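Colleague: Could you take me through the salt bridges in this one, pair by pair? I'd like the distances and how accessible each partner is.

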Amino acid sequence: MFETPEEIKETGSKGLWIGIAVVVAVLAVGAYIIIRSRGNVNTQASAVARAPAVVKGNADPVHDLKIQRATMNKDRNGTMAVWLVTIENKSPAYSYSKIEYETTYVGADNNAILINKGAIPATIGPGEQKNSELNDALYPAGTAWYKIRITGATAAAQ
């Protein structure tokens with residue numbers, strides 16, 4: 001009645017567990033190598049993205065800078081012309097600064113009453129748009145119509 005129980009022996013072998021451990025280790029090392037190689041590809045891609053763009057052709061601010069919208073108002077005293085201008089840089093490679101412009105105020109007889117020149121101190125990168133407010137000149141009496149155009153800018157390759 002008081003017999004000592006027999007020991008139960010494992011039916012599985014230790015070799016099976018060692019084999020499973022080796023397979024898991026190999027999979028972990030493989031996953032690490034794959035993740036590491038993808039990181040190198042991303043690093044190489046970002047290095048290529050940081051590389052300076054190959055500039056093709058000369059800078060042409062008159063062609064590259066387009067006035068998308070321009071409205072002329074008068075200041076609250078009604079004497080100064082104030083322009084609200086949206087300029088877009090269509091160049092893929094150049095940024096422009098110190099944008100030069102020319103405003104023309106024309107009378108009813110289609111003769112220019114006043115031609116004024118100025119510069120916008122903003123910098124516009126490739127593909128960007130900028131809004132600027134320009135305090136131009138005293139609004140000339142007898143103006144029938146007016147216009148603004150870009151005449152030049154300082155270019156810098158990106």
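Modeller: Lys90 and Glu88 pair up in a salt bridge, with N to O at 3.8 Å; the term here means a side-chain nitrogen of Lys or Arg within 4 Å of a carboxyl oxygen of Asp or Glu. Lys90 is partly exposed at 49% relative accessible area, while Glu88 is buried at 18%. For those labels, buried is under 20% relative accessible area, exposed is over 50%, and partly exposed is in between, using a 1.4 Å probe and protein chains only.

Keep in mind that this is a predicted model, where local features need pLDDT of at least 70, side-chain atom pairs count only at pLDDT 80 or more, and totals for chains, interfaces and linings use all residues. Numbering starts from 1 along each chain as its sequence is written, and side-chain values use heavy atoms, with hydrogens and water left out.

By this rule the count is three salt bridges, and Glu102 takes part in the next one I'd look at, with Lys117, where the closest N and O atoms are 4.0 Å apart. Lys117 sits in strand E4 (residues 112-124) and Glu102 in strand E3 (residues 94-107), 15 residues apart; strands are DSSP runs of E, at least two residues, numbered from the N terminus. Lys117 is exposed at 62%, but Glu102 is buried at 11%.

Glu102 also meets Arg149 in a salt bridge, at 3.1 Å from N to O. Arg149 belongs to strand E6 (residues 143-157) and Glu102 to strand E3, so this pair ties together parts 47 residues apart in sequence. Arg149 is partly exposed, at 41%. Put together, Glu102, Lys117 and Arg149 form a linked salt-bridge network.

Methods. Helix = DSSP H or I, 4+ residues; strand = E, 2+ residues; numbered from the N terminus.
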